[in-house]
Amino acid sequence: MVYPAEKVLNEFEKVLDGYTGLLTCRLLNLCVKAHPIALIPVRVELWGEEKDFEEVADCAIPDDDHIEAYPKSEEFLFAIGKGVLEVHPEFIMKEKTIKMGGQDMRILSFKMPPVDKDRRDLLNNAVDAFYQETKAQHDETKAKYSVKIADRLSDASKEDADNYKKRFDDAYKNNCDIAQQTVDDKKKEIEEAYQRYLQNKAT
């Protein structure tokens, strides 16, 4: 049997985890390093019908700066490029011909843009905006569910009530800590990319 307070706590944790996970996805889509998650929002239109990227192509990450798209049919090539650039207009696209199974195959290579000062500022501002939105969602969720769980604990023993309140506070703190760490890691990634840009410019 799941006690009413347990059900509320599980629901609270699930909602918090969802907001924290969304923040992670959003920051990965602020592409500094190549990552396949950047292609999840991509829709490819073929003969008037929209397809998910993975339905029409495979992807590879040959290095931190590039994503490669391997179309499942060569006739999809143009539509794939169009779909990717609609989501990530900052990508630098190039068509390449490689050998695959002894035959020539046309693929698309997408290069991550250099992080100059303007792009660094743009990325950091976006990180801050996403973080503030997530923080507000965490706080709003905590306020909403603190009322719910207090109601479920009205007849509980002091020991049970204290235990649930601790788990409730721990779940909130854990998600806040993960969100903050995710943001810190992203900002570090952005700054490192900016420093690489400066070094490359100086050479």
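## Helix packing, pocket and nonpolar core of the predicted model

Helix α5 (residues 158–202) contributes four residues to the lining of the largest pocket, the most of any element. Helices (H or I, at least four residues) and strands (E, at least two) are DSSP runs, numbered from the N terminus. The model is predicted, with local features requiring pLDDT of at least 70 and side-chain atom pairs counted only at pLDDT 80 or more, while totals for chains, interfaces and linings use all residues. Residues are numbered from 1 along each chain as its sequence is written, and side-chain values use heavy atoms, with hydrogens and water left out.

The largest pocket holds about 220 Å³ of space. A pocket is an open set of points on a 1 Å grid over the protein atoms alone, where a 1.4 Å probe fits, with protein on both sides within 12 Å along at least five of seven lines; lining residues have an atom within 4 Å of a point. The volume is the space filled by probe spheres set on the points, which are joined across faces, edges and corners. The lining of the largest pocket consists of V32, D65, K111, M112, P113, P114, V115, A193, R196, Y197 and N200. By class, seven of these lining residues are nonpolar, one is polar and three are charged. Ala, Val, Leu, Ile, Met, Phe, Trp, Tyr, Cys and Pro count as nonpolar, Asp, Glu, Lys and Arg as charged, and the others, Gly among them, as polar.

Two helix pairs were examined. The axes of helix α1 (residues 4–28) and helix α4 (residues 117–152) come within 10 Å and cross at roughly 175 degrees, which makes α1 roughly antiparallel to α4. Axes are lines fitted to C-alpha atoms, for helices over the stretch in contact, with angles from 0 to 180 degrees between N-to-C directions; an angle over 145 degrees counts as roughly antiparallel. The contact of α1 with α4 involves 15 nonpolar, five polar and six charged residues. The axes of α4 and α5 likewise come within 10 Å, crossing at roughly 175 degrees, and α4 is therefore roughly antiparallel to α5. In the contact of α4 with α5, 13 residues are nonpolar, five polar and nine charged.

F168 lies in helix α5 and is buried, with a relative accessible area of 5%. Buried denotes under 20% relative accessible area, exposed over 50%, and partly exposed in between (1.4 Å probe, protein chains only). In helix α4, D128 is partly exposed, at a relative accessible area of 32%. D128 and D104, 24 residues apart in sequence, are separated by 45 Å from C-alpha to C-alpha.

The largest nonpolar core comprises 21 residues, and those with the most contacts inside it are V44, F53, V56, I67, I80, V84 and F91. Such a core is a set of buried Ala, Val, Leu, Ile, Met, Phe, Trp, Tyr and Cys residues joined through side-chain atoms within 4.5 Å. At least two residues of this core come from each of β1, α2 (53–56), β4 (66–71), α3 (77–87) and β6 (103–111). The largest share, four residues, is supplied by α3. F91 is located in the loop between α3 and β5 (92–100) and is buried, with a relative accessible area of 5%. F91 and Y172 are 81 residues apart in sequence, and their C-alpha atoms are 36 Å apart in space.

Two further loop residues complete the description. E74, in the loop between β4 and α3, is partly exposed, with a relative accessible area of 43%. Although E74 and R106 are 32 residues apart along the chain, their C-alpha atoms are separated by 6.9 Å. W47 occupies the loop between β1 (43–46) and β2 (49–52) and counts as exposed at 70% relative accessibility. Phi of W47 is near 50 degrees, a positive value in a residue other than glycine. Most residues other than glycine have a negative phi.

Technical notes:
Parallel < 35°, antiparallel > 145°, perpendicular 65-115°, else oblique.
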